[in-house]
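Take a look at the fold below and try to find your way around it.

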Amino acid sequence: MDYLKVSSKSSPASVAGAIAGLVKDGMPVNIQCVGAGAVNQAIKAVAIARGFLIPTGIDISCAPTFSDVEIGGESRTAIRIAVYVHRITAPTAVSGASSEAVDA
């Protein structure tokens, strides 16, 4: 399985474009990052890509997992983020918070 490798220096907008392009092409999207800065850039990219895709009737979500990877002969812990595609029936507005309370 191939991964989009994101570093702390990656441009979230560029990664978002790659995510959106792969989703539109029907390709699976998996992201790999090592370090807090890289995870930050990857999550920003997913949020930006979601904004690109929702007006086209496609929504995405993601799920993180840990993975041990070898970099330069050294074992490191990476975060791998799987991106899931959801078709939506009509374009909807996205907001950061719901205006309705939810009973727990």
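The buried residues of helix α2 pack against quite a list of neighbours: β1 (4-6), α1 (12-24), β2 (29-33), β3 (58-71) and β4 (74-87). Keep in mind that this is a predicted model. Helix α2 itself covers residues 36-53, which makes 18 residues. From its first C-alpha to its last it reaches 26 Å, close to the 26 Å expected at 1.5 Å a residue.

Which residues of α2 are buried? They are Ala-38, Gln-41, Ala-42, Ala-45, Val-46, Ala-49 and Leu-53. If you look down the axis of α2, these buried residues fall within an arc of 145°, so they line one face of the helix. On the other side of α2, you'll find Ala-36 and Ala-47 exposed.

In space, Ala-36 and Ile-79 are 9.4 Å apart, C-alpha to C-alpha, although 43 residues separate them in sequence.

Now for the strands. Here is how they pair up:

| Strands | Sense | Bridges |
|---|---|---|
| β1 and β2 | parallel | 3 bridges |
| β2 and β4 | antiparallel | 5 bridges |
| β3 and β4 | antiparallel | 14 bridges |

You can follow these pairings residue by residue. Lys-5 has Gln-32 in β2 as its bridge partner, and Gln-32 in turn stands opposite Arg-80 in β4. Arg-80 also has Thr-65 standing opposite. Where β3 and β4 form their hairpin, there are 2 residues between the strands, and Gly-72 takes a positive phi near 60°.

Is β2 mostly covered or mostly open? It is mostly covered, with 5 of its 5 residues buried. That goes for both faces: Val-29, Ile-31 and Cys-33 are buried on one side, and Asn-30 and Gln-32 are buried on the other.

Over in strand β4 sits Ile-81. Its relative accessibility is 2%, and because buried means under 20%, Ile-81 counts as buried. What does Ile-81 touch, leaving aside its neighbours within four places in sequence? Its contacts include Val-29, Asn-30, Ile-31 and Cys-33, along with Ala-42 and Ile-43. Cys-62, Ala-63 and Pro-64 are in contact with Ile-81 too. As for Phe-66, its C-alpha atom is separated from that of Ile-81 by 8.9 Å, with the two residues 15 apart along the chain.

How many salt bridges does the model have? The count comes to 1. Asp-59 forms it with Arg-50, and their closest N and O atoms are 2.6 Å apart. Asp-59 is buried, with a relative accessible area of 15%, while Arg-50 is partly exposed at 29%.

Finally, how far can you trust what you see? The mean pLDDT of the protein chain is 89, and 85% of its residues reach 70 or more. Where pLDDT is low, the predicted coordinates should not be read in detail.

Definitions and conventions. Residues numbered from 1 in each chain as written. Predicted model: local features only at pLDDT ≥ 70, side-chain atom pairs only at ≥ 80, totals over all residues. Heavy atoms only, no water. pLDDT = per-residue confidence, 0-100. Helix = DSSP H or I, 4+ residues; strand = E, 2+ residues; numbered from the N terminus. Expected span 1.5 Å × (residues − 1). Buried < 20%, exposed > 50% of the residue type's maximum accessible area, 1.4 Å probe, protein only. Arc of directions from axis to C-beta. Contact = heavy atoms within 4.5 Å. Salt bridge = Lys/Arg side-chain N within 4 Å of Asp/Glu carboxyl O. Pairing = 2+ DSSP bridges.
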